[in-house]
Amino acid sequence: MWLRSANKDDLKAVHQLLVKTWHATFDDVLGIETVNKVTGEYHSVAALTRNLAKPYSEFVVADDGEGNLVGMAYASQSKDGIAELHQLYVDPEQQVQGIGTMLLAEIEMAFPDVEKLALEVIAKNQKALDFYTRKGFEKTGETNDWGTLKLDIPVIKMEKSLTGWSM
């Protein structure tokens, strides 16, 4: 398994990974129509292209060594001292093998001047909530106003201190 920076040639495969993962995770929870709306807006190749070009950000992929992308993560520094993890997804068939842990560690080390890493998790995604809790994130709040699509989806806000990292 290799972690590497994403490039524009990866974006179609990242899009396909995100669509697959979102349908596997959220079709029963949010409905297929909502999942299609989210993946069409946030996970389109155009949206991923914008993320790839954003300054003060990190966009990494997990490559199985045979050219197949099995995971991805994207984060950006949102303000002084805080970075936001926007996306961390692993192919449903490849989960529970440490790929998510490796992606998260890479993101945490990518922002040496930040004190906290923040994220939002859909409240009904217990698997993700458990993962982030095990990785040291703590709940800081809740919202129902999720994303620019203004979907009424309950979301848990979480943060993790990164002040323990030293180089």
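Guide: Start with a definition: a pocket is an open set of grid points with protein on both sides within 12 Å along at least five of seven lines, and its lining residues have an atom within 4 Å of a point. Keep in mind that this is a predicted model.

Visitor: Which residues line the second largest pocket?
Guide: They are S78, K79, I82, E84, A118, L119, E120, T140, K157, M158 and E159. Each counts as lining because it has an atom within 4 Å of a pocket point. The elements giving two or more residues to this lining are β3 (69–79), β4, β5 and β7 (151–161). The pocket holds about 200 Å³ of space.

Visitor: How do the lining residues of the second largest pocket divide?
Guide: Four are nonpolar, two are polar and five are charged. Asp, Glu, Lys and Arg count as charged, so K79 and E84 are among the charged ones.

Visitor: What is the volume of the largest pocket?
Guide: About 1300 Å³. Its lining has 45 residues, and H86, Q87, L88, Y89 and Y132 lie nearest its centre. Elements that give two or more residues to this lining are α1, α2 (32–42), α3 (45–53), β4 (82–90), α4 (99–109), β5 (116–122) and α5 (126–134).

Visitor: Which element gives the largest share of that lining?
Guide: Strand β4 does, with seven residues. By kind, the lining of the largest pocket divides into 21 nonpolar, 16 polar and eight charged residues.

Visitor: Why is the pair of W22 and F26 called tilted?
Guide: Take the distance first. The ring centres are 4.4 Å apart, and the limit for a pair is 6.5 Å. Now the angle. The planes stand at 45°; stacked needs under 30 degrees and edge-to-face needs over 60.

Visitor: What separates W22 and F26 along helix α1?
Guide: About one helical turn, because they are four residues apart in α1 (residues 11–30). Both W22 and F26 are buried. Together with Y89 they form one aromatic cluster. The count of aromatic pairs comes to five.

Visitor: How do you know whether T21 is buried or exposed?
Guide: Its relative accessibility is 2%. Buried means under 20%, so T21 counts as buried. T21 also lies in helix α1. It touches Y89, V90, D91, P92 and Q95, leaving out residues up to four places away in sequence.

Visitor: What makes N125 buried?
Guide: Its relative accessible area is 14%. That is under the 20% limit, so N125 is buried. N125 is in the loop between β5 and α5. Its contacts are T25 and F26, not counting residues up to four places away in sequence. N125 and V29 are 96 residues apart along the chain, yet their C-alpha atoms are separated by 8.5 Å.

Visitor: What does A110 count as, and why?
Guide: A110 has 27% relative accessibility. Buried needs under 20% and exposed needs over 50%. The value lies in between, so A110 counts as partly exposed. A110 sits in the loop between α4 and β5.

Visitor: Are Y56 and V96 buried or exposed?
Guide: Exposed means over 50%. Y56 has 64% relative accessibility, so it counts as exposed. V96 has 78%, so it counts as exposed too. Y56 is in the loop between α3 and β2, and V96 is in the loop between β4 and α4. Phi is near 55° for Y56 and near 65° for V96. Each is a positive value in a residue other than glycine.

Visitor: What makes a group of residues a nonpolar core?
Guide: The residues must be buried, of the listed nonpolar types, and joined through side-chain atoms within 4.5 Å. The largest such core here has 26 residues. L85, L103, I107, L117, Y132 and M158 have the most contacts inside it. A second, separate core of 21 residues includes L17, V35, F59 and Y74.

Visitor: Which residues does L85 touch?
Guide: Y74, A75, L104, I107, L117, A118, L119 and Y132, not counting residues up to four places away in sequence.

Conventions:
Residues are numbered from 1 along each chain as its sequence is written. This is a predicted model: local features need pLDDT of at least 70, side-chain atom pairs count only at pLDDT 80 or more; totals for chains, interfaces and linings use all residues. Side-chain values use heavy atoms; hydrogens and water are left out. Rings of Phe, Tyr and Trp (its six-membered ring) pair if their centres lie within 6.5 Å; planes under 30 degrees apart count as stacked, over 60 as edge-to-face and the rest as tilted. Buried means under 20% relative accessible area, exposed over 50%, partly exposed in between (1.4 Å probe, protein chains only). On a 1 Å grid over the protein atoms alone, a cavity is a set of points where a 1.4 Å probe fits but cannot get out, and a pocket is an open set with protein on both sides within 12 Å along at least five of seven lines; lining residues have an atom within 4 Å of a point. Grid points are joined across faces, edges and corners, and a volume is the space filled by probe spheres set on the points. Contact means heavy atoms within 4.5 Å.
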